[in-house]
Amino acid sequence: MENMNDDFNKDKDLSSSNNSWEDDPGKENPVSEINEKNETRQDEPSLEQNPSEENFASSYENETEENEKIDSPEKSNENKQDVHAKEVYYTETIKKKKGHPFKKFITACLIISIVGGSFIGGSFSVAQYYLNKNSSSSETAAEENSVKGFSSVSTSSAISQTASTLGNSSEETAVNIIKAVAPSIVSITTKISGTTMSFFGNYVPYEGSGAGSGVVFNEDGTKVFICTNAHVIDDATEVYVSWDDETSIEASLVGKDTTADLAVLSVLKTDLLDKGISKVSIATFGDSNKLQMGESVIAIGNALGEGKSATGGMISIPDKTIQIDGKEFEMIQTDAAINPGNSGGALVNYKGEVIGINSAKSFEQAVEGMGYAIPSNIAVPYINELLENGTIARPYLGISGASVTDDLAEIYGLPIGVYVAGVVEGGSAEKAGLQKGDVIVAFNGETILDMETLQKSIAKQEIGATVDIKIIRNNSSMTLKATIQNANG
């Protein structure tokens, strides 16, 4: 499968440059609406070499580091619905017969029915009163904490408001779901600029653009927050979002994590008001752990950079592990069409809940109907952490390397483990004394058979923890102590 970078791209056919962003200081408490699930993060290894290992070393010298994601605890989000009281009136006619033996019994039953019905109706009325009162209080509090003249509504409320219009056919249901959820999806455009080397050997400036999608997931008193894919805004010097595909508002980067391929943007409410947007919709996230093969879904996003559109399909595989650029991702596979520009948009179930962030599509020849989305139970904890901290803490050793297989071990006379092809300056590995050419055979008491084993072992560690690393160097065994660092620190 080819690289599935969805950064709808980027008018440039020259190489892109890296640009740094400053974290937005105005972050508020995030939403957490998902059930818990654990996942590992990856970190990449590397070390030193013996004279007998020159050929092996050169073959891995340019290998790059990898980080593997770790799932954060997640909480489930349940949508509340209003309770509606309903009074039922009825009449009952009883034909009287002289000397009926059950006359008193029937009279007593009628009295009990009338009194009981009155009591139940009164109880519903009281309950409805307090529900309305609490709802009014919540709305008042939200208004006090927001920019004057600006308001928001959750997609769950929008779904409830349109529930009465839902028909029996799936088409009618899809139409209403799209109407309710689409306002919480935005189109994203980016500007890219940099320099590249020309044919004549000198550096020349270039400009490019890209497109993607985003999901509005939170707000505070002054800002609206949007999540998207990290690759959508990679190398961007300017990022703009649009609710109506006509009006563009500049967004600021709150934080991003390339390993999880997620990013969080913010837009000022005053900027929205200046553009005539006084109300936004906040997406409701569902529980991706409950997805089943064959369940109907809708993908909404800025396909091909031509504005918001929707495609329908089903869940092909609820939990599929795929590799993108050498990194493993746990994804939802769907046959709903996901095209360039859809990245960062929403995969929605038929309850109107976002159960995935659209991320990639298989572009292999002869492959049809294979799109992928980051499950909501993985995405939500990450975007919450990005919203709160601007970054995601990831255990980091600071090496690049490769697995020593049985064949390589026999050819180069190396032990089974991970060959260290490089050591990052200032990283945990360098400070511990690891060198290029070393072979890691054990990490924190676990036997290391390949790179995957090492990455998973590193991902289990706490930031700041001290671990033992057993290595083979020049046919001699030794143990080094390393302090795990934060890859995003």
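Which residue forms a salt bridge with Asp257, and how far apart are the closest N and O atoms? The notes below take up that pair and several others.

1. Basis. This is a predicted model, in which local features need pLDDT of at least 70, side-chain atom pairs count only at pLDDT 80 or more, and totals for chains, interfaces and linings use all residues. Residues are numbered from 1 along each chain as its sequence is written, and side-chain values use heavy atoms, with hydrogens and water left out.

2. Arg394 and Asp257. The partner of Asp257 is Arg394, and the closest N and O atoms of this salt bridge are 2.8 Å apart. A salt bridge here is a side-chain nitrogen of Lys or Arg within 4 Å of a carboxyl oxygen of Asp or Glu. The pair links distant parts of the chain, 137 residues apart: Arg394 sits in the loop between helix H7 (376-389) and strand S15 (395-396), and Asp257 in strand S6. Helices (H or I, at least four residues) and strands (E, at least two) are DSSP runs numbered from the N terminus. Arg394 counts as buried at 0% relative accessibility, and Asp257 counts as buried at 2%. Buried means under 20% relative accessible area, exposed over 50%, and partly exposed in between (1.4 Å probe, protein chains only).

3. Lys256 and Asp234. A salt bridge joins Lys256 to Asp234, with 2.8 Å between the closest N and O atoms. Lys256 belongs to strand S6 (residues 249-257) and Asp234 to the loop between helix H5 (230-233) and strand S5 (238-242), so the bridge ties together parts that are 22 residues apart in sequence. Lys256 has 25% relative accessibility and counts as partly exposed.

4. Glu452 and Lys456. These side chains meet in a salt bridge at 3.2 Å, N to O. Both residues lie in helix H10 (residues 451-459), four residues apart, about one turn of the helix. Glu452 is partly exposed, with a relative accessible area of 36%; Lys456 is also partly exposed, at 33%. By the rule given above, the count comes to seven salt bridges. Side chains of opposite charge can pair when their charged atoms come close.

5. Lys269. This residue is in helix H6 (residues 269-274) and counts as buried, at 1% relative accessibility. The Lys269 side chain reaches the backbone oxygen of Asp220 at 2.6 Å.

6. Positive phi. Most residues other than glycine have a negative phi. Asn444 has a phi near 55°, a positive value; this residue is in the loop between strand S18 (439-443) and strand S19 (446-447) and is partly exposed, with a relative accessible area of 37%. Asn475 also has a positive phi, of about 65°, although it is not a glycine. Asn475 is placed in the loop between strand S20 (466-473) and strand S21 (476-483), and is exposed at a relative accessible area of 70%.

7. Whole chain. The protein chain has 10 helices and 22 strands. Of its 489 residues, 45% count as buried. Among contacts (heavy atoms within 4.5 Å) with a separation of 6 or more, 71% are between residues 24 or more positions apart. The accessible surface of the protein chain is about 24,800 Å², of which 49% belongs to carbon and sulfur atoms. Accessible areas come from the Shrake-Rupley method with a 1.4 Å probe; for residues, only the protein chains shown count as cover.

Conventions
A polar contact is a pair of N or O atoms within 3.5 Å; within protein, one must be able to donate a hydrogen and the other to accept it, and residues adjacent in sequence count only if both atoms are side-chain atoms.
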